[in-house]
Amino acid sequence: MTHRWICALREKVESTQDETARAGLQQRLCMLAATCFSTFDVCLEYVPALFTEDEDFSIAMQCAIVVHDNTPPSRPDDDSFFLTRMLSRHRRLLHDLEHKFSESDPESADLDHARLLRSGAYDLAISQLWSGFRSSSSWHALPRPNSRWISCVTEGKQEVRYDLLSGQLLVNGKPLRRLP
């Protein structure tokens, strides 16, 4: 249910012309996505049971991207303490879940570009945020020291990268929300 609210609020943010109203909506969207993502904050021993379906991975990834893209540059209002605390917890949870999101297929031949187990989930997440997304390759983690990034190539030969520790999504090196 929260996921639908996030999608609806994202559409409202994108259609709002007033910059002050947009900033307020973005802050609300950031808080809503961080709250949704926080539902994955469980004891590490329960994480495997929590992420049994591709949809679970997809929702977590979408929330992380929405938080990254809508975090206000500064927090001058009364909600700043709560938002700051939520964002700190969000970053900790991203760090805790990095190992789960970067699990590779043990049968992948190339260790530098090992195929990730949940490529379908990552495709689902990106397609929910970018309607034109069509992957033509499996997702893989980049080699160390950039192993916090996962990557794939679209049918249009665009490189898509996602930072597991920040939720940043880049298409050909640019943020998705800035694409034409």
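**Figure 1. Lining of the largest cavity in the predicted model.** In this predicted model, the largest cavity is lined by Phe37, Ala60, Met61, Ala64, Leu94, Leu97, Glu98, Phe101, Tyr162 and Leu164. Helix H4 (54-70) and helix H5 are the elements that give two or more residues to this lining. H5 supplies the largest share, namely four residues. The volume of the largest cavity is about 50 Å³. A search of the whole structure finds one cavity of 30 Å³ or more.

Figure 2. His90 belongs to helix H5, which covers residues 80-101. With a relative accessibility of 6%, His90 counts as buried. Apart from neighbours within four places in sequence, the contacts of His90 are Phe37, Ala64 and Val67.

**Figure 3. Helix H2 and its buried residues.** Helix H2 runs over residues 19-38 and holds 20 residues. At 1.5 Å a residue, H2 should span 28 Å, and its end C-alpha atoms are 28 Å apart, which agrees. The buried residues of H2 are Leu25, Gln27, Leu29, Cys30, Met31, Ala33, Ala34, Cys36 and Phe37. An α-helix has 3.6 residues a turn, so residues three or four places apart point the same way. Within this helix, Phe37 is buried; Phe37 is also in contact with His90.

**Figure 4. Ile126 and its contacts.** Ile126 is found in helix H6, residues 119-129. The relative accessible area of Ile126 is 0%, and the residue is buried. Leaving aside neighbours within four places in sequence, Ile126 is in contact with Met61, Ile65, Phe133, Trp139 and Leu169. Between Ile126 and Met61 there are 65 positions of separation in sequence, while their C-alpha atoms lie 8.4 Å apart in space.

**Figure 5. The open sheet of five strands.** The strands form an open sheet in the order S1-S2-S3-S4-S5, with antiparallel pairing. Strand S1 (140-141) and strand S5 (174-175) stand at the edges; each has a single partner strand, so one side of each is left without a neighbour in the sheet. Strands of a sheet pair through backbone hydrogen bonds, either parallel or antiparallel.

**Figure 6. Pairing of strands S1 and S2.** S1 pairs with strand S2 (residues 149-153) in the antiparallel sense, over two bridges. Ala141 has Ile150 of S2 as its bridge partner, and His140 stands opposite Ser151 in S2. Four of the five residues of S2 are buried, so this strand is largely enclosed by the rest of the structure.

Figure 7. S2 is joined to strand S3 (residues 159-163) by five bridges, and the two strands run antiparallel. Val153 stands opposite Glu159 in S3, whereas Cys152 stands opposite Val160 in S3. Five residues lie between the two strands of this hairpin. In the turn, Lys157 has a positive phi of about 65°.

Figure 8. Three bridges pair S3 with strand S4 (residues 169-171) in the antiparallel sense. Val160 stands opposite Val171 in S4. Val160 is also the residue of S3 that faces Cys152. The hairpin of S3 and S4 has five residues between its strands, and Gly167 in the turn has a positive phi of about 85°. Leu169, which is in contact with Ile126, falls within the residue range of S4, 169-171.

**Figure 9. Setting of the close-up views in the whole protein.** The protein has six helices and five strands. From the N terminus on, these elements run α-α-α-α-α-α-β-β-β-β-β. Of the 180 residues, 41% count as buried. Among contacts with a separation of 6 or more, 51% come from residues 24 or more positions apart. The accessible surface of the protein comes to about 10200 Å², and 50% of this surface belongs to carbon and sulfur atoms.

Note on methods:
Residues are numbered from 1 along each chain as its sequence is written. This is a predicted model: local features need pLDDT of at least 70, side-chain atom pairs count only at pLDDT 80 or more; totals for chains, interfaces and linings use all residues. Side-chain values use heavy atoms; hydrogens and water are left out. Buried means under 20% relative accessible area, exposed over 50%, partly exposed in between (1.4 Å probe, protein chains only). Contact means heavy atoms within 4.5 Å. Accessible areas come from the Shrake-Rupley method with a 1.4 Å probe; for residues, only the protein chains shown count as cover. The expected span of a helix is 1.5 Å times one less than its number of residues. Two strands pair if DSSP finds at least two bridges between them. On a 1 Å grid over the protein atoms alone, a cavity is a set of points where a 1.4 Å probe fits but cannot get out, and a pocket is an open set with protein on both sides within 12 Å along at least five of seven lines; lining residues have an atom within 4 Å of a point. Grid points are joined across faces, edges and corners, and a volume is the space filled by probe spheres set on the points.
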